[in-house]
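Open the model in your viewer and colour it by chain.

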Amino acid sequence: MFDAVTNPLPHRPGVGYKAQHFNAIMDDAGPVGWLEVHAENYMGLGGRPLAQLRHLSEKFPMSVHGVGLSIGGEGRLDADHLARLKTLCDWLQPASFSEHLAWSTHDSAFLNDLLPLPYTAATVTRVADHIDEVQTTLGRQMLLENPSSYLAFAESDMTETDFLAQIAARTGCGLLLDVNNVFVSAVNLGYSPQGYIDAYPLDHVGEIHLGGHDEDEDETGAPLLIDSHGREVVDPVWSLLDYTLAHSGPKPLLIEWDTDVPEWAVLLEEVKRADAALNSIAAVFA
Amino acid sequence: MITTQSAFRAAVLDPTSPPPTGLRNPDGAQATKRFDVYRNNVAVSLTDALEAAFPVVAKLVGTDFFRAMAGVYLRAHPPKSPVLMFYGDDMPDFLAGFAPAQSVPYLPDIAHLELALRHSYHAADATPIAPDALARIAPDTLPNVTFTFAPSVHLIASRYPLQSIWLANTTGGKIGEVAQPCLVTRPEFDPTVDALTPQQAAVCRALIDAEPLGQALRHGGSGFDLGPLLGLLLSRNALISLKT
């Protein structure tokens, strides 16, 4: 398969790093092959966070995952924030940088959530222009992550997979495929998650995310899944991962657990399950 | 039908307004509860960030009061930057003007202190001067000495027994009765809070502002003993260079 992504993260399980797990990870990380950090948590000028990051980066390949650049925003990218990202990437030299297909800042207010955008020719151009600016400024290829959707836009006139394929083709960026987000969006908007994977440009995938979600209902009683990252990955999402890996081959595979963060031993069980999924598919693709 | 981000932003921050038009449930109806997911994410995540940033303010007023107040704050002062480690710079002024919180008059000072602790935690690393650096200065030039302080140092003025209020709500202890300006330093990675006398605070403020030592001492009044303040600054790695 043609590999459109120059992402040197190993095709092994990684975890979203939390400071309370520092000692456990440095002591014995089990099958963890790399770590991901949220860029915005490391934009101070010194102290323990950066010291820990330096120690971790001496032992593990690192992925910097931005949650605040607002790539889908109607306005211009925040130049100060892009400069902070460049400072962090130049210092840490991570194996990978990724951000979200979402917006979070408008009229200089940062809303701290990954807010949705419609999929149209106009938004393709806007997002592609922003990604060009990011890749030019950082001097590296970035990965763009698919969102969790709770609602649809009346004005959208293309599918998310077509949108992502156009963005990857126009900008040369890679894609971060969040399989839990696919499942959440598919249930919430009423389409087939396997069908989404079938239509998704898998050649561009540089990383896969897995996380837990919560279950609710909308006002009509229709299921409404919430992307909370606060619990174990559910079985249907593990199945969707197997389905994805069977088509994509092994990929760097991240477990995200960001709220109600458990003790390391609980997270390690998720990592082992991810490791097993990767091992079984590696045998097929060997 | 276009849903602008201006309309989305306004409705996300205002729970009394209807959701923006052009947002759909899977059955094609206007989204309502589904839009509330975003409203909830924005309000809860920013409230959580503020509660984590101001734990002693939250303890002093109670969690329910704090979270309701945070809801007012985050709508009046949404973050201007995605770097949330510094969110809440306007909190001391907000508390000073927030009528329901006036019964706790030292809340703005506690908020100042908690902001300083966070800025100190994330401040740039710096190498302190050697403990004997002053001893190597010729005595007749000592009054001309100026210091550079570590970027992690903050001095919080207060008319209240600030350090003891902070301690009583973190590690424990009795609340004192005299004014306690607070010196925040970061000896290594963990910020530390020390109480100063008002005289020490006046001298320390002058030194932070790079007044020469001889001139700074005059802010302490007659009979001021520099020894304890200087010993504290040295032991807390607060001084990173000096020049004569």
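Start by selecting the residues where the two chains touch: the contact takes 40 residues from chain A and 39 residues from chain B, two residues being in contact if their C-beta atoms, placed from the backbone, lie within 7 Å. On the side of chain A, α2 (48–59), β5 (103–106), β6 (109–115), β8 (152–153) and β12 (223–226) each supply at least two residues. Helices (H or I, at least four residues) and strands (E, at least two) are DSSP runs, numbered from the N terminus. β6(A) gives the largest share, six residues. Coloured by class, this side of chain A shows 19 nonpolar, 13 polar and eight charged residues; Ala, Val, Leu, Ile, Met, Phe, Trp, Tyr, Cys and Pro count as nonpolar, Asp, Glu, Lys and Arg as charged, and the others, Gly among them, as polar.

This is a predicted model, in which local features need pLDDT of at least 70 and side-chain atom pairs count only at pLDDT 80 or more, while totals for chains, interfaces and linings use all residues. Residues are numbered from 1 along each chain as its sequence is written, and chains are lettered from A and ligands numbered from 1 in the order in which they are written.

Next, select β8(A) together with β1 (residues 23–24) of chain B. These strands pair in the antiparallel sense over two bridges; strands pair if DSSP finds at least two bridges between them. The bridge partner of A:A152 in β1(B) is B:R24.

Now hide chain B. Chain A contains nine helices and 13 strands. Its C-alpha trace spans about 50 × 40 × 40 Å along the principal axes.

Select the barrel of chain A. Eight strands close it in the order β1-β2-β3-β4-β7-β9-β10-β13, with parallel pairing. In β2(A), A:E36 is the bridge partner of A:G16.

Finish at helix α9 (residues 264–285) of chain A. Its 22 residues reach 31 Å from first C-alpha to last, close to the 32 Å expected at 1.5 Å a residue, taken as 1.5 Å times one less than the number of residues. Which residues of α9(A) are buried? They are A:W264, A:L267, A:L268, A:E270, A:V271, A:A274, A:A277, A:L278 and A:I281. A residue is buried if 20 or more other C-beta atoms, placed from the backbone, lie within 10 Å of its own. Their cover includes β1 (13–16), α1 (22–27), β10 (205–211), α8 (235–248) and β13 (253–256) of chain A.

Methods. Buried ≥ 20, exposed ≤ 12 C-beta atoms within 10 Å, placed from the backbone.
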